[in-house]
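Hi there,

Here is the structure I promised to pass on to you. Have a look at it first, and then read on for what turned up.

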Amino acid sequence: MTALQSLNLTGSSLVEPAETASSRVELVETQSEVSTSSTDEAEVSTSSTSGRSTDGGARRLSQLRELESEAIHIIRETVSELERPVLLFSGGKDSVVMLHLAAKAFWPAPLPFPLLHVDTGHNFAEVLEFRDSVAESLGARLIVAKVQDYIDDGRLIERSDGTRNPLQTQPLLDAIAEGRFDAVFGGGRRDEEKARAKERVVSLRDEFGQWDPRNQRPELWNLYNPRHRAGEHVRVFPLSNWTELDVWRYIEAENIELPALYYAHSREVFHRDGMWLAVGEFSQPKPSEQVVTKTVRYRTVGDMSCTGAVESDAGDVADVLAEVAATRITERGATRADDRLTEAAMEDRKKEGYF
């Protein structure tokens, strides 16, 4: 399978002819020409490929196409201004969408940067297989930093609660330093958790990889400032203005493939802290916790030891869209135990250098 086939670039309802692809950035930057009144994904497939209205008037974008154009603009700007970017890719839905956007940004040229994943050793096996398959189909270089290596040689110590998510920080920072990466693309969205409200598209990290909210720079008129001193780097979030619902609408419009865990399937689970945790090598029930078989799906795919499933019959993208539109709890708030440690759990980890 070629990278083009893997990302469904040719059959996409959002793809424009080569001569108009570069105009997407202009469409987003010229805000007076952009219409944000419609959020119906149907507009994506019915709009003119040239971006012009049928009556010959001003060019207009649907809300979904505007988000796509903005993300591609951010990715291109970062690559043009910085020397050694890298994209965090775990195989989860947000990183898959971000990689899809990056492939479209530079197609038909190959990706001008490698992919990086911090493997905790507790990831879902099917997600890792999907990660490797997508990287191979694109011909992308995949760098994997393993938490287990740090535990084996004593650089990190296993936590008493069994979760390894907080242990990812040091392998991530070491991988960034070793690769001399000056920009790290992340799939963070504004609606994920509270700390993202303080960050913008470009997040400056100091020589220790730490984030200080007071150092956030203004980003007026889609102008992004990635400048930094030697030893520092920036995290860049092309999906900053997307929501979980936007991501799923884009997945539907672009026919993007995801790991099967995102759709309803039968799985042995047990109930703990208000979540359904899967029975597996890294997630075992206590004697008081009953194992049952339920039809579930995952809204996010972190570690098996701290990521819960939700009961669901959503077997395809359309079903998931209806489900996500009705929910009022973010996927992290509903299914990630490590984000429930404190009210500022994620912000504290970001200050230490986390994603």
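Arg180 sits in the loop that links helix H9 to strand E4 (183-185). Please keep in mind that this is a predicted model. Is Arg180 buried or exposed? With a relative accessibility of 56%, Arg180 counts as exposed, because the cut-off for that word is over 50%. Helix H9 itself (residues 169-179) has a number of buried residues, among them Leu172, Leu173 and Ile176.

Look for Asp273 in the loop between strand E7 (265-272) and strand E8 (275-278). Asp273 is exposed too, with a relative accessible area of 59%.

Next, the backbone at Pro108. A cis peptide bond joins Trp107 and Pro108, with omega at about 10 degrees. In general, most peptide bonds are trans. Pro108 belongs to the loop between helix H6 and strand E2 (115-119).

How do H5 and H6 lie relative to each other? The axes of helix H5 (residues 63-81) and H6 come within 9 Å and cross at roughly 70 degrees. Angles of 65 to 115 degrees count as roughly perpendicular, so that is the word for H5 and H6. Their crossing is right-handed. With helix H10 (residues 244-254), the axis of H6 comes within 11 Å and the angle is roughly 55 degrees. H6 and H10 are therefore oblique to each other, and this crossing is left-handed.

Now for the strands. Val234 is part of strand E6 and is buried, with a relative accessible area of 0%. In sequence, Val234 and Val202 are 32 residues apart, while their C-alpha atoms are 6.4 Å apart in space.

Finally, which residues form a nonpolar patch on the surface? They are Leu220, Trp221 and Leu223, and together they have about 420 Å² of accessible area. Trp221 lies in the loop between strand E5 (202-205) and strand E6 (233-236). Trp221 is exposed, with a relative accessible area of 74%.

Enjoy exploring, and write back with any questions!

Best wishes

Methods
Residues are numbered from 1 along each chain as its sequence is written. This is a predicted model: local features need pLDDT of at least 70, side-chain atom pairs count only at pLDDT 80 or more; totals for chains, interfaces and linings use all residues. Side-chain values use heavy atoms; hydrogens and water are left out. Patches are made of residues with over 30% relative accessible area and no salt bridge: like charges are joined within 9 Å, nonpolar side chains (Val, Leu, Ile, Met, Phe, Trp, Tyr) within 5 Å. Accessible areas come from the Shrake-Rupley method with a 1.4 Å probe; for residues, only the protein chains shown count as cover. A salt bridge is a side-chain nitrogen of Lys or Arg within 4 Å of a carboxyl oxygen of Asp or Glu. Helices (H or I, at least four residues) and strands (E, at least two) are DSSP runs, numbered from the N terminus. Buried means under 20% relative accessible area, exposed over 50%, partly exposed in between (1.4 Å probe, protein chains only). Axes are lines fitted to C-alpha atoms, for helices over the stretch in contact, and angles run from 0 to 180 degrees between N-to-C directions. Angles under 35 degrees count as roughly parallel, over 145 as roughly antiparallel, 65 to 115 as roughly perpendicular and the rest as oblique. A crossing is left-handed if the near helix is turned anticlockwise from the far one by less than a right angle, and right-handed if clockwise.
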